[in-house]
Amino acid sequence: MSVRVERDGAVVTVTIDRQDALNALDVATLTELRDRLLELADDADARAIVLTGAGEKAFVAGADIRYMSGLDPDQAKGWGALGHEAGRLLETMPKPTIAAINGFALGGGCELALACDIRYASSRAKLGQPEINLGIVPGWGGTQRLARICGVGVAKELVYTGRTIDADEALRIGLVNAIADPVLDRALETARELASKSPVALALAKRLCNLTLGVDHSGALDMEAREFGELFASEDAKEGLTAFVEKRRPSFVGR
Ligand code: CAA
């Protein structure tokens, strides 16, 4: 098993563990990751997901280059689709996903982190989209998500040059939310905090924030206005608002 899933209450840590290849993703590992994410997306007991890499050196050093070197175009399309499935699950599952970037996050590794809702980096993390140096381009969403998160000007420079950046630069360009050591502790702290909030409101917050990725701006604003109103039918909204007025901590029931 090269993907470990550990639970601490409602917080789930998913660790990619293929250390002899700096956690690069081969077919078996990526398939396993996709399958675990599919399960977690539907698991109401899992309220916040942290994604990280095993060992001291790498988050994920990318897609497995040795495997990719033998692919024909049809096989490469299937490989791209599998990576996209994992990315979409991280981006759309109705609960927060947090990348704890504990080392190299290159190519497909950076792309998986980009698909998460929040990214924290250790001070020795190195990030980038070096595909151009292999004669290819990012294939698991990097050309789109890097531009959306950091702006198209920044993304073009990184994708065109393939250069690797350190944690300080990643923070400066907004690629990561914060630098922390040990990074996993910081990610788990945020995950625990998020797991204590209303899962109904969090799922809606994620769905609404994700609208910036797709539909037209005014349609998204309309949808936000509508869904905001509908959320007031939930028990959690009533509880959260009442608890504030009564100066006590809310107790959310998930309805
Ligand atoms: N695929 C397969 N194996 C990889 C790998 C990868 N992406 N990254 C590292 N490894 C392997 C190395 O081949 C090496 O294996 P051996 O010991 O069997 O030779 C082992 O991991 C350790 O790596 P290094 O000896 O190279 O370690 P280093 O500290 O000298 O360098 C590194 C670290 C800079 C990350 C370097 O390994 C490297 O450049 N790796 C490739 C990074 C990369 O280009 N990633 C993008 C892949 S393309 C992609 O992801 C496409 C996409 O969009 C989907």
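Colleague: Which element gives the most to the shell around the ligand?

Modeller: Helix H2 does, with three residues. Keep in mind as we go that this is a predicted model. Two or more residues of the shell also come from strand E6 (104-106) and from helix H4 (108-115), as they do from H2 (65-68).

Colleague: Which residues come nearest to the ligand?

Modeller: There are 23 residues around the ligand, and Lys 57, Ala 63, Gly 108, Glu 111 and Glu 131 come nearest. Sorted by class, the shell holds 13 nonpolar, four polar and six charged residues.

Colleague: How should I read the polar contacts there?

Modeller: Look for pairs of N or O atoms within 3.5 Å. For Glu 111, a polar side-chain atom lies 2.7 Å from an oxygen atom of the ligand. For Gly 108, a backbone N or O atom is 2.8 Å from a ligand oxygen. Gly 139 also uses a backbone N or O atom, at 3.0 Å from an oxygen atom of the ligand.

Colleague: How much of the ligand's area does the protein bury?

Modeller: The ligand taken alone exposes 980 Å², and the protein buries 64% of that.

Colleague: Let's turn to the strands. Which way do the side chains of E2 point?

Modeller: Start with the general idea: side chains in a regular strand alternate between the two faces of the sheet. Here, Val 11, Thr 13 and Thr 15 point one way from E2, while Val 12, Val 14 and Ile 16 point the other way.

Colleague: Are those residues buried or exposed?

Modeller: They are all buried. Strand E2 is mostly covered, with six of its six residues buried.

Colleague: What does E2 pair with, and in which sense?

Modeller: On one hand, E2 pairs with strand E1 (residues 3-8) in the antiparallel sense, over six bridges. On the other, E2 runs parallel to strand E3 (residues 48-53), and six bridges join them.

Colleague: How does the chain get from E2 to E3?

Modeller: The chain crosses through H1, and this β-α-β crossover is right-handed. The link between E1 and E2 is a hairpin with two residues between the strands, where Gly 9 takes a positive phi near 65 degrees.

Colleague: Which residues have a positive phi although they are not glycine?

Modeller: The general idea is that most residues other than glycine have a negative phi. Two cases to look at here are Leu 22, with a phi of about 50 degrees, and Lys 247, with a phi of about 55 degrees. Leu 22 sits in the loop between strand E2 (11-16) and helix H1 (27-41). Lys 247 belongs to the segment after helix H11 (235-245).

Key
Residues numbered from 1 in each chain as written. Predicted model: local features only at pLDDT ≥ 70, side-chain atom pairs only at ≥ 80, totals over all residues. Heavy atoms only, no water. Near = heavy atom within 4 Å. Polar contact = N/O pair within 3.5 Å; in protein donor to acceptor, adjacent residues only side chain to side chain. Areas by Shrake-Rupley, 256 points an atom, 1.4 Å probe, with all protein chains shown as cover. Helix = DSSP H or I, 4+ residues; strand = E, 2+ residues; numbered from the N terminus. Nonpolar A, V, L, I, M, F, W, Y, C, P; charged D, E, K, R; others polar. Buried < 20%, exposed > 50% of the residue type's maximum accessible area, 1.4 Å probe, protein only. Pairing = 2+ DSSP bridges. Right-handed = clockwise from strand over helix to strand, strands pointing away.
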